[in-house]
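I opened this notebook to record what I looked up in one model. The entries follow the order in which I consulted the structure.

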Amino acid sequence: MKLKNQVFIITGATSGMGESMAILFAQEGAQLVINGRNVKRGKAVEQKIKKITSDVSFYAGDIAQPSVNKELVELAITKYGKLNGIVTNAGILGLGRVAEISLDDWHTTLNTNFNSFFYLCKYSIPYLQKEEGVIIANASIAAFQSFPQHPIYCASKAALVALVKQIALDYGPKIRANAICPGPVDTPLIWASAKAFPDPTQAVHNAKESTILKRLGTPDDIAKLCLFLASQDASWITGTAITIDGGISITN
Ligand SMILES: NC(=O)c1ccc[n+]([C@@H]2O[C@H](COP(=O)([O-])OP(=O)(O)OC[C@H]3O[C@@H](n4cnc5c(N)ncnc54)[C@H](OP(=O)(O)O)[C@@H]3O)[C@@H](O)[C@H]2O)c1
């Protein structure tokens with residue numbers, strides 16, 4: 001087992017990649033605090049994981065709120081007495097061009113995708129420094145390229161990559177911090193993203209065909225990279241952003 005008795009917080013674990021990460025981490029022996037806003041889906045994921053281990057707690061809350069991030073850390077420490085790593089995976093799109101997007105949507109997306117990373121790092125780093133702590137942020141290839149009507153999404157993901165590198169510098173060697181940058185992965189989010197294109201079904205089809213490997217990513221593809229980075233297998237990897245995209249970045 002690659003994460004035996006390692007305590008991890010995973011945000012955005014009620015769906016998509018976060019759910020796959022949580023299940024894979026549990027299979028590898030991790031003790032988990034998982035988060036999302038949707039209580040029904042969160043409880044369902046918690047029940048799935050309870051078939052693997054009893055060491056899982058779903059904590060419902062909006063990670064755009066600093067207090068929720070603090071509470072996630074407090075729950076991990078109260079329940080397990082330590083914290084080995086965090087995976088900040090929750091994210092939203094905030095579609096709309098700069099002149100048209102509302103201030104509310106702009107700030108909500110920035111708070112969810114980027115400021116939440118700062119909040120969770122701020123509250124968890126004092127505990128991560130006591131272990132060989134691991135920080136993994138789910139960014140996107142959108143950190144490096146633009147998509148129609150995705151300004152705040154792309155900007156927030158680029159900011160994530162920059163802050164990951166800064167944290168790796170400031171807190172190494174005790175803490176390793178890395179970003180992952182997925183391309184098109186088959187989750188509800190990609191279908192929401194496709195609404196920015198004139199023909200959403202065609203847009204997803206085009207994304208799939210634009211990958212060198214001729215398929216969308218699966219949540220499990222991303223969970224496996226995340227497990228690798230969380231484990232000792234990646235003990236000499238820090239301060240980087242790893243693209244996992246079926247090769248789409250070099251075809252565009
Ligand atoms: N799918 C792709 O093609 C793709 C590509 C690159 C990067 N990504 C990134 O991958 C991450 C996971 O997305 P996904 O594709 O797996 O989409 P998803 O299935 O829609 O999952 C998004 C997760 O984020 C959670 N979330 C959203 N806002 C939240 C908030 N304010 N507080 C707490 N949790 C929140 C959602 O839970 P609730 O609804 O329960 O709150 C859900 O669990 C995101 O950061 C996304 O930007 C996705």
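Predicted model: local features only at pLDDT ≥ 70, side-chain atom pairs only at ≥ 80, totals over all residues.

**Entry 1. Helices α4 and α5.** I began with helix packing, since two packed helices are described by the angle between their axes and the distance between the axes. Helix α4 spans residues 103-128 and helix α5 spans residues 151-171. I found that they pack at an angle of about 15°, with axes 9 Å apart. Angles under 35 degrees count as roughly parallel, and α4 and α5 are therefore roughly parallel to each other. Their crossing is right-handed. I then listed the residues that make the contact. From α4 they are W106, T109, L110, N113, F114, F117, F118, C121 and I125. From α5 they are I152, Y153, S156, K157, A159, L160, L163, I167 and Y171. Sorted by class, this contact has 14 nonpolar, three polar and one charged residues.

**Entry 2. Helices α1 and α2.** I turned next to α1 and helix α2, the latter covering residues 39-50. Their axes lie 10 Å apart and the packing angle is about 20°. That value makes α1 roughly parallel to α2. I recorded the crossing of α1 and α2 as right-handed. The residues in contact are E19, A22, I23 and A26 of α1, together with V45, K48 and I49 of α2. By class I noted five nonpolar, no polar and two charged residues in the contact of α1 with α2.

**Entry 3. Helices α1 and α8.** How do the axes of α1 and helix α8 cross, and within what distance do they come? The axes cross at roughly 50° and come within 8 Å, with α8 comprising residues 219-230. That makes α1 oblique to α8. The crossing of α1 past α8 is right-handed. On the α1 side I listed G16, M17, E19, S20, M21, L24 and F25. These meet P219, D220, I222, A223, K224, C226 and L227 in α8. The class count for the contact of α1 with α8 is nine nonpolar, two polar and three charged residues.

**Entry 4. Surroundings of the ligand.** Which residues are the closest to the ligand? I found G12, G16, G36, R37 and G91 to be the closest, out of 30 residues that surround the ligand. The elements giving two or more residues to this shell are α1 (16-27), β2 (31-36) and α6 (188-193). By class, the shell has twelve nonpolar, 15 polar and three charged residues.

**Entry 5. Backbone exceptions.** Most residues other than glycine have a negative phi, and most peptide bonds are trans. The peptide bond from G172 to P173 is cis, with omega near 0°. P173 lies in the loop between α5 and β6 (176-182). Q149, although not a glycine, has a positive phi of about 65°. I placed Q149 in the loop between β5 (134-138) and α5. With 19 other C-beta atoms within 10 Å, Q149 is partly exposed. K214, a residue other than glycine, also has a positive phi, near 55°. Its place is in the loop between α7 (200-210) and α8. K214 is exposed, since 10 other C-beta atoms lie within 10 Å and the cut-off for exposed is 12 or fewer.

**Entry 6. Residue P182.** Is P182 buried or exposed? I found 23 other C-beta atoms within 10 Å of P182, which makes P182 buried, the cut-off being 20 or more. P182 sits in strand β6. Setting aside residues up to four places away in sequence, P182 touches S140, I141, G217, I222, I244 and D245.

**Entry 7. Residue E71.** E71 counts as partly exposed, with 16 C-beta neighbours inside 10 Å. Apart from its neighbours within four places in sequence, E71 is in contact with Y59 and G61. The C-alpha atoms of E71 and L120 are separated by 9.6 Å, and the two residues are 49 residues apart along the chain.

Note on methods: Residues numbered from 1 in each chain as written. Axes fitted to C-alpha atoms, helices over the stretch in contact; angles between N-to-C directions. Helix = DSSP H or I, 4+ residues; strand = E, 2+ residues; numbered from the N terminus. Parallel < 35°, antiparallel > 145°, perpendicular 65-115°, else oblique. Left-handed = near helix turned anticlockwise from the far one by under 90°. Contact = placed C-beta atoms within 7 Å. Nonpolar A, V, L, I, M, F, W, Y, C, P; charged D, E, K, R; others polar. Near = placed C-beta within 6 Å.
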